[in-house]
Amino acid sequence: MQPDRHQKFAFRSPAEVQDAARELGVDLPFSRRLELLAAPLPVAGRMAPNRFMIQPMEGFDADAGGTPGALAFRRYRRYAAGGAGLIWFEATAIAPEARSNPHQFWLHPGNVAEFARLTAETRAAARQAFGHEVLLLLQLTHSGRYSRPAGTPAPILAHHSPVLDALQKIAPDAPVVEDGYLETLPAKFAAAARLAEQAGF
């Protein structure tokens, strides 16, 4: 194997993974002690009941206003009922123009109550299935050059990048946002963070 090339793999056993790591000269610690996964884990001053964690994965099933829909409720209840000790909720926009998709989550004062219902139902599913308190995180985002709030590209450029502009087919003379817009973003992130806390994240 060459470590500088991406390769497909289909490992069928831990031994095959270890053999490939050795061949690549990669130090890959390995343990068969699965009980470690059930041990609590401190996270930022709180305690996750175990080490199973759900990474943020967008479902794009919010309504036009960014409010989580029925499929989002089902998905997060299932994650919790599956036993994860920490669930990191998907990318959630801080402003309407910051959305990467017209169905991306967007947290704002008009829907914070629905987000609170989502966290409450997620926590209830964890308690019912495992009797533990699950940690819930929310990923707040601004899609910037990848913004598509109406389903078509609407990039918000802070700067031009020859590489990224070429990949996205952005013209070299496409407008770049003014400093005034960029200066509003810290306050928008802070406001969204306060709403996230209010919603139970």
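# A tour of the predicted model

Start by selecting Ser-143, which sits in the loop between strand S6 (135–141) and helix H4 (162–168). Keep in mind that this is a predicted model. Is Ser-143 buried or exposed? Its relative accessible area is 14%, and buried means under 20%, so Ser-143 is buried.

Now show the side chain of Ser-143 and look for Ala-98. The side chain of Ser-143 reaches the backbone oxygen of Ala-98 at 2.9 Å. Which residues does Ser-143 contact, if neighbours within four places in sequence are left aside? They are Ala-98, Arg-99, Ser-100 and Gln-104.

Next, select the residues of the largest nonpolar core. This core has 24 residues. Those with the most contacts inside it are Tyr-76, Ile-87, Phe-89, Phe-105, Leu-107 and Phe-201. At least two residues of this core come from each of helix H2 (70–81), strand S4 (86–93), helix H3 (112–130), S6 and helix H5 (179–199). A second, separate core has 7 residues, including Ala-98, the residue whose backbone oxygen is reached by the side chain of Ser-143. Ala-93, Ile-94 and Ala-95 are also among the residues of that second core.

Return to Tyr-76 and display what surrounds it. Not counting residues up to four places away in sequence, Tyr-76 touches Met-57, Ile-87, Phe-89, Glu-90, Phe-105, Leu-118 and Thr-122.

Move to Phe-189, in helix H5. With a relative accessibility of 30%, Phe-189 counts as partly exposed. Where neighbours within four places in sequence are left aside, Phe-189 is in contact with Ile-94, Leu-140, Thr-141 and His-142.

Select Asn-111 next. Asn-111 lies in the loop between strand S5 (105–106) and H3. Its relative accessible area is 2%, so Asn-111 is buried. A polar atom of the Asn-111 side chain lies 3.0 Å from the backbone nitrogen of His-108. Beyond the neighbours within four places in sequence, Asn-111 is in contact with Gly-65, Gly-66, Thr-67 and Trp-106.

Select Leu-28, in the loop between helix H1 (14–24) and strand S1 (41–43). Leu-28 has 45% relative accessibility and counts as partly exposed.

Terms used. Residues are numbered from 1 along each chain as its sequence is written. This is a predicted model: local features need pLDDT of at least 70, side-chain atom pairs count only at pLDDT 80 or more; totals for chains, interfaces and linings use all residues. Side-chain values use heavy atoms; hydrogens and water are left out. Helices (H or I, at least four residues) and strands (E, at least two) are DSSP runs, numbered from the N terminus. Buried means under 20% relative accessible area, exposed over 50%, partly exposed in between (1.4 Å probe, protein chains only). A polar contact is a pair of N or O atoms within 3.5 Å; within protein, one must be able to donate a hydrogen and the other to accept it, and residues adjacent in sequence count only if both atoms are side-chain atoms. Contact means heavy atoms within 4.5 Å. A nonpolar core is a set of buried Ala, Val, Leu, Ile, Met, Phe, Trp, Tyr and Cys residues joined through side-chain atoms within 4.5 Å.
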